Amino acid sequence: MWKEINGGFLVSLLGGMVLGIGIGIVAVEKLLASYPPVVWAFFFGLIIASIIYVGKQVTKWNLGPIVSLILGIGIAFGITLLPIGQVNESLPFVFLCGAIAVSALILPGISGSFILLIMGMYSYILHDTLKEGLLTNHETGALVTMLVFGLGMVIGLVTMARFLTWALNKHNNITLALLTGFMIGALNKLWPWSIPGKVMDANDNIVEFSIGLEYDKVITSSSVSPANYLENFGEPHFLIPSLLFFSLGVALVLGLDKFAPNKTESQ
């Protein structure tokens, strides 16, 4: 059974996820508060290198993969520009949100939390239901909501994983081109020098950003040059460190690819 489910791979994957969450909690959040352009430049480099890595696996760039690439770019870029929706507390919609959010996590370049924001359910699920309703007040209704949301995540995960497996087996080049397009389109959200437009404040209200305002999450933003970032945002642009960490991000992904064991031999 261990061999059938590829247990060694799953343990390595889950171990890396746990380590990544730990690093995110301990380090990334603090670094984002002090050096946001540097952190985003590092992520930008990771995604750029990932685009190269996935894109070069397309063996033939004919009409199908080209159209798929353009479609992926358009979908991902369009998602980053969508307005925020309204809260819908019905259980079928909660189930749908769980399925869609976890499906987005599987796709490269698309944020599950941002999908929840677009659907108007980010604060309702994470703050109102999970934090306040379940963990603080121990409400039965909140437990039911989270169970339905979790069920949606399980169904969405299994469905999307099976669909991607089928797509990669039957239409490998088109699927890889689509995933490459997703990452290219998502670069709009990772540009290191972005000025917030609308933000979510400490009370989970969506308001217009102003210098000095404390906020929890950026809802909309506009990409600017490093000089305009310094002028309009009032924060240092860290241009040289950002370029260095961008290069580090690119080098890490391409380096892992270069020094990884031969796929054919490892299988």
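**Notes on the predicted model**

1. Let's start with overall size. The chain has 267 residues, and a compact globule of that length would have a radius of gyration near 18 Å; the 20 Å found here agrees with that. Please keep in mind that this is a predicted model. Along its principal axes, the C-alpha trace spans about 55 × 50 × 35 Å.

2. On to the fold. The chain holds 11 helices and 5 strands. Among contacts with a separation of 6 or more, 70% join residues 24 or more positions apart.

3. A word about the surface. Of the 267 residues, 34% count as buried. Charged side chains number 12 positive and 15 negative, with the centres of the two sets 19 Å apart.

4. Which residues have the most contacts inside the largest nonpolar core? They are Val94, Cys97, Leu116, Leu117, Met121, Ile125 and Phe149, in a core of 22 residues. Helices α4 (91-106), α5 (112-118), α6 (122-136) and α7 (140-170) each bring at least two residues to this core, and α5 gives the largest share, with 5 residues. As background, nonpolar side chains in soluble globular proteins tend to be buried together.

5. Leaving aside residues up to four places away in sequence, Val94 touches Asn88, Glu89, Met121, Tyr124, Ile125, Thr145, Val148 and Phe149. A second, separate core has 11 residues, including Phe44, Ile51, Val58 and Leu176.

6. Next, helix α7, where Asn169 is found. Is Asn169 buried or exposed? Its relative accessibility is 61%, and exposed means over 50%, so Asn169 counts as exposed. Asn169 and Thr140 are 29 residues apart in sequence, and their C-alpha atoms are 44 Å apart in space.

7. His138, in the loop between α6 and α7, has a phi near 55°, a positive value in a residue other than glycine. With a relative accessible area of 63%, His138 is exposed.

8. Phe238 is the other residue to look at here. Phe238 sits in the loop between α9 (226-233) and α10 (239-259), and its phi is near 50°, again positive in a residue other than glycine. Its relative accessible area is 22%; buried means under 20%, so Phe238 is classed as partly exposed.

Notes:
Residues are numbered from 1 along each chain as its sequence is written. This is a predicted model: local features need pLDDT of at least 70, side-chain atom pairs count only at pLDDT 80 or more; totals for chains, interfaces and linings use all residues. Side-chain values use heavy atoms; hydrogens and water are left out. Helices (H or I, at least four residues) and strands (E, at least two) are DSSP runs, numbered from the N terminus. The radius of gyration is taken over C-alpha atoms; the globule rule is 2.2 Å times the number of residues to the power 0.38. Buried means under 20% relative accessible area, exposed over 50%, partly exposed in between (1.4 Å probe, protein chains only). Contact means heavy atoms within 4.5 Å. Lys and Arg count as positive and Asp and Glu as negative; His and the chain ends are not counted. The place of a charge is taken as NZ of Lys, CZ of Arg, CG of Asp or CD of Glu. A nonpolar core is a set of buried Ala, Val, Leu, Ile, Met, Phe, Trp, Tyr and Cys residues joined through side-chain atoms within 4.5 Å.
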